[in-house]
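Please look over the sequence and structure shown here before reading on. The briefing is grouped by topic.

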Amino acid sequence: MATEQQLSAIKGSKVLMVGAGGIGCELLKTLALSEFQDIHIIDMDTIEVSNLNRQFLFRQSHVGQSKAKVARDAVLKFRPNISITPYHANVKDPDFNVDFFKRFSVVLNGLDNLDARRHVNRLCLAAGVPLVESGTTGFLGQVTVHVKGRTECYECQPKPAPKTYPVCTITSTPSKFVHCIVWAKDLLFAKLFGDKNQENDLNVRSSDASGSSEPAEDVFERKKDEDVEEYGRRIYDHVFGHNIEVALSNEDTWKKRNKPRPIYIKDVALAEVIQQNGNLDKVPVSTDPLSVSAMTTIGLKNPQDVWSLAENSRVFLEALKLFFLKRGKEIGNLSFDKDDQLAVEIVTAAANIRASSFGIPLHSLFEAKGIAGNIVHAVATTNAVIAGLIVIEAIKVLQDDVRNYRMTYCLEHPSRKMLLMPVEPFEPNKSCYVCSETPLTLEINTSRSKLRDFVEKIVKAKLGMSQPMIMHGHALLYEVGDGLEEDMATTYAANLEKVLAQLPSPVTGGTVIMVEDLQQELTCTINIKHREEFDGEKEPDGMILSGLTEALVQKNDEASKENGASTSNVSETVSVEAEEDDELQILPAVSGLAGKKRKLPDNANSSNSDLSGVIDETKIPRKAIDREDSEAVVVLDGNGERKKKRGQ
C-alpha cells in the first residue's frame with residue numbers, strides 16, 4: 001500500500017508516457033491502478049495483428065487503429081475517473097517541444113528505437129524534467145533514471161552499434177545464412193521492387209554484354225511485352241547462375257574457400273517447377289496487399305518447414321509473379337517489411353537458393369523472418385515486470401527521493417540468487433557532449449567535403465539532430481525549418497553543395513563551428529581539424545568525429561580485403577539494424593572492464609548470505625543477440641573507469 005505522502009505525490013502529478021506498445025500497455029495499466037490521475041500518451045503507431053499476443057489492451061477489432069487512442073479507451077473502462085490524453089503522433093513532431101515537456105512532472109519512456117530515445121532525452125534535459133527510461137529483449141530488461149545534474153543522462157554511456165558486414169562479403173563470399181538474408185533483403189529485393197535509381201551492388205550486366213564495351217542494359221528492367229514468368233526465369237538465371245559464374249572467374253578468391261555452385265532454372269527440375277507453379281485462382285480474395293501469399297498459391301502450409309531447393313525456386317518465381325500481377329502499382333516504391341507476407345516469402349526463397357549455392361544450411365520461413373526482421377520474440381512477463389519497476393522509480397522521482405533512485409536490470413538467469421539487480425545510478429559523465437556540453441573534434445578534408453556531407457553524416461547521423469542550425473562565428477551557414485524566408489532557404493540549399501573551405505564564411509583547419517538543434521535546445525561545439533587522406537575501407541565516411549561516447553561495435557565476421565570478386569568498386573558495409581518493433585527493444589549498453597564491481601544498495605536483500613556487498617557487473621548481460629553465431633555476442637554492463645557514484 002502506498003503511504004499518504006506517496007499518494008499525494010502520485011495524485012498531484014502529470015505524467016507523459018512515450019510509447020504505447022509492449023511496455024506501454026503494461027505501464028498505462030499499472031499507472032492507472034496506482035492512482036495516477038493525469039496521464040498523457042504519445043505513440044505514432046497503429047495496431048497490427050502481431051501486437052495482439054502481448055499488448056493486452058488491444059483486440060482483433062482494433063487492428064489499424066491508433067495505439068494511443070485504443071489504449072486510452074481500454075483503460076478508461078476500468079478506471080473511468082482518471083484523465084488520459086492520447087496523441088497519435090511522432091514524438092519528434094514540432095508540437096512536442098521543450099515547452100510541452102515542461103508541463104509534466106516526469107516522462108516515462110517505452111520506446112523501441114535509439115533515435116527517438118535520444119530525442120526525448122534531450123528534450124527532458126532542456127525542460128529539466130526527470131526521465132525514466134526502459135527496455136526489454138526477451139527475458140532481459142532494464143529501467144534507468146535520468147535526472148539533470150544528478151544522474152547520468154541517457155547518452156552519457158555508449159550504445160551498441162548495428163552489426164555490419166562488408167559489401168564484398170555479402171555480394172561474393174557469404175559464409176553464413178545471415179549474409180544470404182542481407183543480400184536478398186537489402187540488395188535483391190531493393191533492386192527488384194525498390195527505387196530503380198538507387199545505387200546497388202548487384203551485378204546488372206547480362207552474360208551477353210559482359211564482354212562488350214557498350215553500355216549494358218539493366219537486366220532487372222522488365223522488357224516491353226515480356227511475359228512475367230519469362231522475366232522471373234531470366235532474373236533467376238542471372239542472380240543465381242550468371243553472377244556466381246562471374247564471381248568464380250576470380251580464381252584467387254577461391255584458393256582458400258569452397259567454390260559456390262551456379263544454379264540455373266534448368267538445374268532445378270524445370271518441368272516440375274513450371275508445371276507445379278501456382279495458380280492465381282488459389283489466391284484468396286483480400287483487400288490487404290500484405291496478405292497475398294505465394295505459399296498459399298502453391299500449397300505450402302507450414303512456415304516452420306525447411307523447403308527444398310525446388311520448393312524455394314517455386315516460391316521465388318511465384319512470389320515474383322504475384323508482385324507484378326497483384327501489386328504492380330507498388331513496384332518502384334517498395335522496401336522490405338517483415339509484416340509483408342509476400343516480401344518475407346521471396347526474401348526467404350532467394351536467401352535459401354543462394355545458401356544452397358554456397359553450401360550453407362537452409363532455413364525455414366519462420367527462422368528467416370526472425371533474421372530478416374532482427375526479431376527477438378517478446379516475453380509479456382518481462383514487459384510487465386519492467387512496467388512495474390518504471391512506476392516504482394517514477395514514485396521515487398515524484399518524491400525527490402534521490403538517494404533511493406535505482407537502475408534495475410531484469411536477468412534471464414539468477415545471479416547471486418537475484419533475478420532483479422538494482423544498482424545505484426552514476427553521476428553525469430563530464431565528457432558527455434549532450435549533458436555536459438563537451439566540445440567535439442572533427443577530422444575532415446575541408447577542401448573536398450561538402451557541407452551536405454557534414455550535415456548528413458555528422459549532424460544528423462552521429463549527433464541525432466533533426467532541426468539543425470550551423471554557425472561559424474556570427475555567420476549562419478545552414479538552417480532548416482518551416483519559417484524560413486524563400487531567399488534564405490535558397491541560400492542555405494546552395495551552401496549544402498559547396499565544399500567547406502568555399503562557404504561564405506570558410507570552414508578550414510582550426511575553425512570552431514557551433515551546431516544547434518532548435519527543437520531539442522541542444523548546442524554542440526565542434527573543432528575542425530583538416531586532414532588530407534582517409535582509409536577508404538576503415539574510414540568510409542571520409543571524416544572522423546571524436547569526443548563522443550563511442551558505440552560498442554560488434555565484430556564483423558571476417559576480413560574480406562583480399563576479395564576481388566565483388567561487383568562493388570567501393571568499400572562499404574551493410575548493417576543489420578534492429579527493426580523498430582515492440583518485439584525488439586534496444587537496451588542501452590555501458591562500456592565495462594572485466595571484473596569491476598559496483599556497490600549494491602544497502603537495502604538490497606541484505607539477508608542473503610551470498611551477497612558480499614558488491615555485484616559483479618560482468619554477470620549482467622545487456623544484450624546477447626546473435627542469431628547466427630553459436631557463440632552469442634554478449635555486451636556487458638558496467639564502467640570500471642567511473643570512479644565516483646552519487647552518495648559515496
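The points below cover the nonpolar cores, a strand pairing and the cysteines.

This is a predicted model, in which local features need pLDDT of at least 70 and side-chain atom pairs count only at pLDDT 80 or more, while totals for chains, interfaces and linings use all residues. Residues are numbered from 1 along each chain as its sequence is written, and side-chain values use heavy atoms, with hydrogens and water left out.

**Nonpolar cores**

- A nonpolar core is a set of buried Ala, Val, Leu, Ile, Met, Phe, Trp, Tyr and Cys residues joined through side-chain atoms within 4.5 Å, where buried means under 20% relative accessible area, exposed over 50% and partly exposed in between (1.4 Å probe, protein chains only).
- The largest such core has 64 residues, of which W183, F193, Y236 and F316 touch the most other members.
- Helices supplying at least two residues each to this core include α7 (177–193), α8 (228–248) and α11 (309–326), numbered from the N terminus as DSSP runs (H or I, at least four residues; for strands E, at least two).
- Its largest share, 12 residues, comes from α7.
- Another core, of 41 residues, lies apart from it, with A32, F36, L108 and V402 among its members.

**Strand pairing**

- Strands β9 (residues 407–415) and β10 (residues 418–423) pair in the antiparallel sense over 5 bridges, pairing being counted if DSSP finds at least two bridges between two strands.
- β9 and β10 form a hairpin with 2 residues between them, and R416 in the turn has a positive phi of about 55°.

**Cysteines**

- With a disulfide taken as a pair of cysteine sulfur atoms within 2.5 Å, the count comes to 0 disulfides.
- C435 is in no disulfide, the nearest cysteine sulfur, that of C156, being 3.4 Å away.
- C435 counts as partly exposed because its relative accessibility is 27%.
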